[in-house]
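Reader: Could you walk me through how the labels on this model are assigned? I would like to see each label set against its cut-off.

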Amino acid sequence: MQFHHNGYVSGNPLTQPPAGVGIDRPAELPDEVDVLIVGSGPAGMIAAAQLSQFPGVTTRIVERRPGRLEIGQADGIQARSVETFQAFGFAKRISEEAYHITETAFWKPNPEDPSKIHRAARTADDPHGISEFPHLIVNQARVLDYFAEFMHNAPTRMTPDYGYEFRTLSVDDEAEYPVTVTLVHTSGELEGLERIVKAKYVVGSDGARSKVRESIGCTMSGDKANHAWGVMDVLAVTDFPDIRTKCAIQSGNGGSILHIPREGGSLFRMYVDLGEVAGDDNGNVRNTPLDEIIEKANQILHPYTLDVKSVAWHSVYEVGHRLTDRFDNLKDGDAADRTPRVFITGDACHTHSAKAGQGMNVSMQDGFNIGWKLGHVLEGRSPAELLRTYSAERQVIAKNLIDFDKQWSTLMAAKPEEMADPAELERFYVQTAEFPAGFMTEYKPSMLVGEAIHQELATGFPVGKRFKSSPALRVCDANPVQLGHHHRADGRWRLYAFADAAAPQEASALREWAAWLTESPQSPLLKYTPAGTDIDSVFDVKVVYQQDYTNVDLGQIPAAFMPRTGVFGTIDYEKVYATLEGDDIFEKRGISRDGAIVVVRPDQYVANVLPLGAREELSEFFAPILIEH
């Protein structure tokens, strides 16, 4: 963490000084805003948190509840989400209070007595080292709390506006504030009264029954599996030996349980198979009594017993897989130069079962994606065309998620005798581990993602996929750090320069690139950094040398990697790295010894890989993305 560069900070360094719209921020919801976010679930909160880093953007987030969420339905936090939490500064703290999943136990009918279950296999949760971060279980409400804290400490001093329910909206592209939103007060003295707010953009994060989605005419399509599950968070006394281990349980009577230990040491969640649902059920299965769910759980667990003492929350749902035709208000036939004004995220545009643990995780990536893009457009960094990439990128990801979840939920509901191979469930779990961990997202070439022409220069950083961190040694203080952990949710692009083999002080391709970056009129650093702002306000440029850190003299490092920032123009020494002995990032990530440039988007996805000599190509890549200053 960096602070003090604008003067001594005696208080909490996580609290940034107020700036822009955060200075004298009005307590009441204004009549006009730049961005109105509807719904304070994970997708809405991460979008708001990202936008809180743009001081010139007036963002408000409205929620129909009168206050913070107390009990959340989602609890699984995949490793990709924890990487994202690191960008918002709370990965370590939330990990300390969460339950860590390290393995999954698979229970099946005992061949000697199929009426009883036995442990058939154990599988490591991350056998391939997909991420340095863990797979966590923690209450969704706590995730929202951390985002709320980040927003409140941000320059814009953002807080949710509770007690407003969305009714409808209309769009007039010719108006200064094109989106007119009708809200209604849900609590307090004004309960029941309508309120009109005008916005430049609206983000609908208002759940599976989204009224924002309805207002822009998006249609949900998909199917139901006609299979019901009861879910409950409970405190219980049991003789089941793996009660503190994640388990997939298939019983001899055909019922199944997905068992998830919860944080705190005692609480756990069970997804209990309630069986097939008749086509004419009309949702009656959702009225299944809690006692019946508990009884069914005991049947599946036989010969073990479950004595439930307290139930924190429970529900019944039918598996469904649905996807909207688009994620914004643009329709087929709209003018090619028309840009979207309304976006939907999370459950508003994709729904699926809870058993793959993807709902909250994929929803947060929706919000992260649209958040930085809106910030760039509204602060004048990027053209409005950038916003068309949101639906194009995220709808494909949601479709892939639904396809995966159909396979996983079908296998979970299958009877053991219906499987060709008794080990089919655990084999599928292992073979597809990278997908539910959140790392199979791969954005296709677009204005934001280059063609992988030079991918061989950095094979471990696939273009379109998330930047997979690796340790490097910070030269200034000889501290080993995870390179990707310094990629904060501050809206900046990252340029990682991996040096060629020449000694740092010698003439080299890297030194030529660094000189071009700070001197050429075609340099993105000079073209797109607004006058009067720090030279690293748009691009965070870092270098990694191949040599041992003792051979890297900071006095010989190009200025591009040691910028002067802050009101006093102090030198930032934390952008110069070297390889770690025994853990060489060049070898680990397949980086050419001739060097490479890895371009990373504000949301941590690799946008391009280029040779050190491809200066014109780098300049051309950013031409349609950023606006010259």
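Author: Happy to. Let us start with disulfides: a disulfide is a pair of cysteine sulfur atoms within 2.5 Å. A search of the whole structure with that rule finds 0 disulfides. Before we go on, this is a predicted model, where local features need pLDDT of at least 70 and side-chain atom pairs count only at pLDDT 80 or more, while totals for chains, interfaces and linings use all residues. Residues are numbered from 1 along each chain as its sequence is written, and side-chain values use heavy atoms, with hydrogens and water left out.

Reader: Where does A47 lie, and what does A47 touch?

Author: A47 lies in helix α1, residues 42–51; helices (H or I, at least four residues) and strands (E, at least two) are DSSP runs, numbered from the N terminus. Not counting residues up to four places away in sequence, A47 touches I37, G367, I370 and G371, where contact means heavy atoms within 4.5 Å. With 1% relative accessibility, A47 counts as buried.

Reader: Why is S592 called buried?

Author: Its relative accessible area is 16%, so S592 falls on the buried side. S592 is found in the loop between α12 (585–588) and β26 (596–600). Leaving aside neighbours within four places in sequence, S592 is in contact with L457, Q546 and F586.

Reader: How do you know that D145 and R142 form a salt bridge?

Author: A salt bridge is a side-chain nitrogen of Lys or Arg within 4 Å of a carboxyl oxygen of Asp or Glu. The closest N and O atoms of D145 and R142 are 2.9 Å apart, so the pair qualifies. Both residues lie in helix α4 (residues 140–153), 3 residues apart, about one turn of the helix. R142 is partly exposed, with a relative accessible area of 28%. The structure holds 42 salt bridges.

Reader: What makes R474 and E574 a salt bridge, and which parts does the pair tie together?

Author: Their closest N and O atoms are 3.6 Å apart, and the pair forms a salt bridge. R474 lies in strand β19 (residues 471–474) and E574 in the loop between β24 (570–571) and β25 (576–578), so the pair ties together parts that are 100 residues apart in sequence. R474, at 10% relative accessibility, counts as buried.

Reader: How far apart are the closest N and O atoms of R492 and D540?

Author: They are 4.0 Å apart, and R492 forms a salt bridge with D540. R492 lies in the loop between β20 (479–482) and β21 (493–498), and D540 in strand β22 (residues 539–545), so this pair ties together parts that are 48 residues apart in sequence. R492 is buried, and so is D540. Salt bridges that share partners join D490, R492, R494, D536, D540, K542, D572 and K575 into one network.

Technical notes
Buried < 20%, exposed > 50% of the residue type's maximum accessible area, 1.4 Å probe, protein only.
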